[in-house]
Amino acid sequence: MELRLKALTPLNIGVAVAIVATSGLTGAAIAESNDEKIVRAMSAAPADISANATIMDVDGTILREGRNDWVCLPGVGLIPGDTHPMCNDPVWMKWMASVAAGTEFSTDVVGVSYMLQGDALVNNDNPMATDPNDGGVWVQDGPHLMMLFPNMEMLADLPRDPFAGGPYVMWGETPLAHVMAPIETKEDTN
């Protein structure tokens, strides 16, 4: 399936997600060493993945060359100032590049991303929402996996409700749709 991103520009996605993400942070990191960023990035995935992954800073700087196809980041590269680490396979890296560039994304295979340290508070239906008080279903996942699929029809039977238990679809009616697979129970604060 081809996802169209033309209506969602990198600037408005980045601004909206940055506002949401930073609203839940308790303070911005002051000068952080590359070694500290590497340790945080590696904490996003199981060691058998992250120990051999390329570690890339959120600005694209390679902090450590890897020996497998995974890329771990100390924060979500699309969210300025984010400190929620993630490890992405090549499909997710392509997805992130497409979102950042505002271009179309498609894949013929399933993509996987690990976020074992959790994620920011986000609106499950609208990636552009910035205020948790303006309605919608807001969720902050703890440790989880994210998956991309070649065909959105494959997700038809999955819930859109993040509190239903088990995997659910995030941003299901947008070109940014993906499956969230929580590893821990989360509290429904809606």
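This is a predicted model: local features need pLDDT of at least 70, side-chain atom pairs count only at pLDDT 80 or more; totals for chains, interfaces and linings use all residues.
Let me begin with His-144, which is buried with a relative accessible area of 0%, where buried means under 20% relative accessible area, exposed means over 50% and partly exposed lies in between, using a 1.4 Å probe and protein chains only. Residues are numbered from 1 along each chain as its sequence is written, and side-chain values use heavy atoms, with hydrogens and water left out.

So where does His-144 lie? His-144 belongs to strand β10, residues 144-148; helices (H or I, at least four residues) and strands (E, at least two) are DSSP runs, numbered from the N terminus. The side chain of His-144 reaches the backbone oxygen of Gly-142 at 2.7 Å. If we set aside residues up to four places away in sequence, His-144 touches a list of residues that includes Tyr-114, Met-115, Asp-119, Met-180 and Pro-182, where contact means heavy atoms within 4.5 Å.

Four of the five residues of β10 are buried, so the strand is largely enclosed by the rest of the structure. Which strands does β10 pair with? Five bridges join β10 to strand β7, residues 111-115, and the two run antiparallel, while four bridges join β10 to strand β12, residues 178-182, again antiparallel; two strands pair if DSSP finds at least two bridges between them. As landmarks on your screen, Met-115 stands opposite His-144 in β10, and Met-147 stands opposite Val-179 in β12.

Met-86 lies in strand β5, residues 86-88, and with a relative accessible area of 3% Met-86 is buried. Not counting residues up to four places away in sequence, Met-86 touches, among others, Ala-44, Cys-72, Met-96, Met-115 and Met-146.

Which cysteines does the disulfide join? The partners are Cys-72 and Cys-87, with an S to S distance of 1.9 Å. Cys-72 lies in strand β4 and Cys-87 in strand β5, so the pair ties together parts that are 15 residues apart in sequence. With 105° about the S-S bond, the link of Cys-72 and Cys-87 is right-handed. Cys-72 counts as buried at 0% relative accessibility, and Cys-87 counts as buried at 0% as well.

Next, please turn to helix α2. Its buried residues are Lys-37, Ile-38, Arg-40 and Ala-41. What covers the buried residues of α2 includes β2, β3, β4 (71-73) and β5.

Side chains of opposite charge can pair when their charged atoms come close. A search of the whole structure finds two salt bridges, a salt bridge being a side-chain nitrogen of Lys or Arg within 4 Å of a carboxyl oxygen of Asp or Glu. In one of them, the side chains of Arg-40 and Glu-32 meet at 2.4 Å, N to O, and Glu-32 counts as partly exposed at 24% relative accessibility. The side chains of Asp-57 and Lys-37 also meet in a salt bridge, at 2.7 Å, N to O. This pair links distant parts of the chain, 20 residues apart, with Asp-57 in the loop between β2 (54-56) and β3 (62-64) and Lys-37 in helix α2, residues 34-42. Asp-57 and Lys-37 are both buried.

I will finish with a point about the backbone. Most residues other than glycine have a negative phi. Trp-171, however, has a positive phi of about 55° although it is not a glycine. Trp-171 is found in the loop between β11 (168-170) and β12, and at 9% relative accessibility Trp-171 counts as buried.

Definitions and conventions: A polar contact is a pair of N or O atoms within 3.5 Å; within protein, one must be able to donate a hydrogen and the other to accept it, and residues adjacent in sequence count only if both atoms are side-chain atoms. A disulfide is a pair of cysteine sulfur atoms within 2.5 Å.
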